[in-house]
Structure formats: structure tokens, C-alpha cells
Amino acid sequence: MATSTSAHRATRREWIGLGVIALPCLVYSMDLTVLNLALPALSAELKPTSSQLLWIVDIYGFLVAGFLITMGTLGDRIGRRKLLLIGAAAFGAASAIAAYSRSAEMLIAMRALLGIAGATLAPSTMSLIRNMFHDEHERQFAIGVWIASFSVGGAIGPLVGGVLLQFFWWGSVFLVAVPVMALLLMVGPVLLPEYRDPQAGRLDLPSVALSLSAVLPVIYGLKQIAEHGTVSAVPAVLVLAGLAFGAAFVRRQSRIPYPLMDLKLFRQARFSAAIAAYGLSCLAMFGVYIFITQYLQLVLGLSPLYAGLATVPWALAFAVGSLLAPRLARHLAPVSVLAWGLLASAVGFGLLTLADKSFGLAALVAGTVVMSLGMAPVFTIGNEMIITAAPPARAGAASALSETASEFSGALGIAVFGSIGTALYRSTLSGSMPDGVPSQTAAEAMATLGGAMAAAQSVSAPYGDALIDASRAAFVNALQLNAWIGAAVVVVASVLSARILRRAARDQAAAH
């Protein structure tokens, strides 16, 4: 375990450097949300097809997920600062070009480049924190700042985007990244240390190909399942193909001297417990979040701006919890932080089950705040456990595994929770469909809640109002069920991580 002597304390240079590397993480998180507000304006100007519009939105996240493992190992090989600066330059250039795109194809290409460049940011910045902060408590606080930057970026993304779109054209949402990346390029070489693995071998290109062939089909297939609410042939084949490539990737990693994924890490209790807690938390959180955003606008009737404001307490609570986590770690063992944090977040999920129309907004805000305060220490301390479980030379690969687990779990949560919620919504609405609603209108209403709102406008007022009430009630039932499932998932994560760590502690005591 890291010591806490003054010789290992960070200097002003490291703390300023932390602020510098937190900025691109904030922009990276904003880029995941800010584009949604610009879709109507860019659709009017670029006139993309429905398929092109989906790729404009999705390709960024797909390529981030696909290249995380590769970029984590590449940073260990060529230098983490060098990879971060290369990624920042590419991200800034692609953002500037995307802002002035003249066709849908051009924007898709720039979003793809943004995804590849974005995949360098998370593993490079977190592995740099591993090298910049040697004191355990300072490192935990630094990771708390790192995680808080993602939370703040996600929270202010819609707000910044709304302000820019109020006064400028749609491309302005991409230009926010340019000065931030320019600042990183100017001060990064001065403030950030360079670190690379002196024993690193050549980058194994077959492993890179196998990792992409595993990640991209699975993420795409899960997204298709989530969008349609059912498992059809094509998404199922994609997921199975991705899993097959994943098995081949894992087999190759056990046979090459310098693997992209160090399988030995999973033999360590701290690493396995933290990955399990982190992954299951993301699964539950992302799975429920997709219903929360629809609930705010389509059930409570909030405008996009007010719906965005309703999620700000959640993000701020996550940021506060991330910064307070190191204080908890001074008084509690890691097993207690993980276990009790996850149980606290289960209480937050439980509060979401009270989200009916009488006091739904209050219950939702309270539930998401409690959920964030419970999960934030898990993310902070868990990520610190993940990167310190690996040797310093492989910190980049370890941090990439952490982010990949988050991406996979989030996609799986959206697909599984989305499918369960959609099935319950359709079943409930089918049994409570008002008499007098035409069959075609009823079919449109049972597809999605948004479809029900649109379909209700095509029938006379009494039937339309009754259809809206029935569809909203069915959607609330789906949200409540998924909140209960989310609570169960994080309770399982709490028990699982606690058992792994306590069993390891007993084995270590017996060995001594």
C-alpha cells in the first residue's frame, strides 16, 4: 500500500497538472450529451437520412468503446503524455472541422475521429494520475477530481449547448473543445510528467483487430436491442459474433508476452472486487437513466431545459461524493466503502419507485441524489484500487479496462433494462387501453411513450386524454420495476465485492 510520508506528497506542479487533465475529461463528457440539442438544427441544414442521423449520434460512443483497450496499452508503450497530447490535437482539429461540416458524411467522419481521439483521454489521464500522485490519500482525491470532471461535463453539457444554440449556429457546440485542447497542448509538456513502460514490446496488431471485432458488434447489437425493445435476429447474431471474437481475444492475451489485456490482474482480489462493483453500478445506473429522462419530459411534461436542470442535482451530488470519498477512505477500509456505498445507492434506487405523478419530481431528485452520493465513493475508491492493482508500467492498460467495463456495462444496462421496461409498458398499456381507440393508434401508442403522445393527437379529446393517462401510468410502472431491479443489482454488487475482499483478507491472514 502507498505510504503517506511527506516525501511522497504532490507539489503545486502536480495539482495544477491535475486541473489541466481534468478539463479535457469534462469536454469529453460534454461531447456525449451536447450534440442531442443540436440535432434539429443540423438536420435542417445537412439533411441527413434517418440512418445517417443515427450514425452521427452513435459513432462517437462506439469508437470510444472500441479503442479504449488499444489506447490504454499504446500509452504504456509510447508514453502516456505523448498519447494524451496526440489525442488532444486530433480531438481539437476534428472538433473544428466538425463545426463547419458541409455534409452528413463529413460530420460522421469527424465524429468517428472524435471517438478515436476521445478514447485516448480517459486511460491516459487516469494513468498519469497514478504516476503524479504517490501518496494514497492524495491519489484518491485526485481520482475524485477526475471523476467529478466527467460528472460536471455531463451536467453542464445540455446547458452550455442550449446557450450556444440560442445565439449561434449548430456547429458552435463543437468549438467548445478547441480552446481546452489548445490549452492542454500548450501547458501539458511543462506540467505533466512522461511515463512509459521500458519493457513494452511491439503493439500486437492482431489483438487490436480482435478487440475491435469484439467490442463494436456487441455494443451495436445491444444498442439495437435497446432501441427496439426485442431481441431480433441481426442484433443477436452481432452480439454472439462479438462474444466469439472476445473469446479469441482473451485466448490470445494469455499467449503473447505483452498483451493488451493483462489477465493476471483478475487474480487480484482488489482488482476483481473493484471491477465487479464498478461494472454492476454502471449497469444499474445507465439502465434506469434512460427511463428517467423520458419520465421528466413525457410524464411530468417538463421542457428540455427544465428536464436538464432536474438532472443537475444528480451530477453535482456525484461530484461532491467523489471529492468526499478520500475522507471516507481515511476512516473506512476499502471493503466498507464499496459495500456501504452500494447499499446507500440501493436506497436511492428505492426512492425512485415513489415516482408517481403526485410527488414524482421530488422523489426522482431525492432518489438520484442519494444514488449519486452512494455510488461516487465506489467509483473513486474503486478506480484507485484498479489502477494500483497493476504495476505502474501497466497503469494505462488497467485504466482502459476500467473504462471498457463501464462502457460495456452501460450498454448492457440500457439494452436489458430497456427491453424489460418496454415489455412491461406494452403489457400494461395493452390491458388498460381505453375503449374507442382505433387499432392503428393503439399499436403506435404501444411502441413507445413518445409514440403514444403523438398518437393521442390523432383521436378526439376524450379518447386522446384517456390514452395519454394510460400510457403514462404504464410507463411509470416500467420505471418503478427497473428501479427495483437496479436496487437489486447494486445490492448484489455490494455483497459480491465484500465477499471477494473478505475472502482475500482471510486467505492472507491464514498464510501469515
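The structure is a predicted model, in which local features need pLDDT of at least 70 and side-chain atom pairs count only at pLDDT 80 or more, while totals for chains, interfaces and linings use all residues. Residues are numbered from 1 along each chain as its sequence is written, and side-chain values use heavy atoms, with hydrogens and water left out. Helices here are DSSP runs of H or I with at least four residues, numbered from the N terminus.

**Helix α11**

- Helix α11, which covers residues 269-299, has 31 residues and reaches 44 Å from its first C-alpha to its last, close to the 45 Å expected at 1.5 Å a residue, where the expected span is 1.5 Å times one less than the number of residues.
- At tyrosine 289, α11 bends by about 25°, the bend being the angle between axes fitted to the seven residues ending there and the seven starting there.
- Of the 31 residues in α11, 22 are buried, so that the helix is mostly covered, where buried means under 20% relative accessible area, with a 1.4 Å probe and protein chains only.
- Glycine 301, which follows α11, has a positive phi, near 75°.

**Helix pairs**

- Helix α4 (residues 80-99) and helix α8 (residues 177-191) pack at an angle of about 155°, with their axes 8 Å apart; axes are lines fitted to C-alpha atoms, for helices over the stretch in contact, and angles run from 0 to 180 degrees between N-to-C directions.
- This angle makes α4 roughly antiparallel to α8, a description used for angles over 145 degrees.
- Residues of α4, including Arg81, Leu84 and Phe91, meet residues of α8, among them Ala177, Met181 and Pro189, where contact means heavy atoms within 4.5 Å.
- The axes of helix α16 (residues 439-447) and helix α17 (residues 449-456) come within 5 Å and cross at roughly 150°, which makes α16 roughly antiparallel to α17.
- Thr441, Glu444 and Ala445 in α16 meet Gly451, Ala452 and Ala455 in α17.

**Two buried residues**

- Glycine 413 lies in helix α15, residues 395-431, and is buried, with a relative accessible area of 0%.
- The C-alpha atoms of glycine 413 and glycine 287 are separated by 4.3 Å, although these residues are 126 residues apart along the chain.
- Not counting residues up to four places away in sequence, glycine 413 touches Leu283, Gly287 and Gly418.
- Threonine 353, found in the loop between α13 (334-352) and α14 (360-389), is buried, with a relative accessible area of 11%.
- Leaving aside neighbours within four places in sequence, threonine 353 is in contact with Gln480, Ala483 and Trp484.

Technical notes. Buried means under 20% relative accessible area, exposed over 50%, partly exposed in between (1.4 Å probe, protein chains only). Angles under 35 degrees count as roughly parallel, over 145 as roughly antiparallel, 65 to 115 as roughly perpendicular and the rest as oblique.
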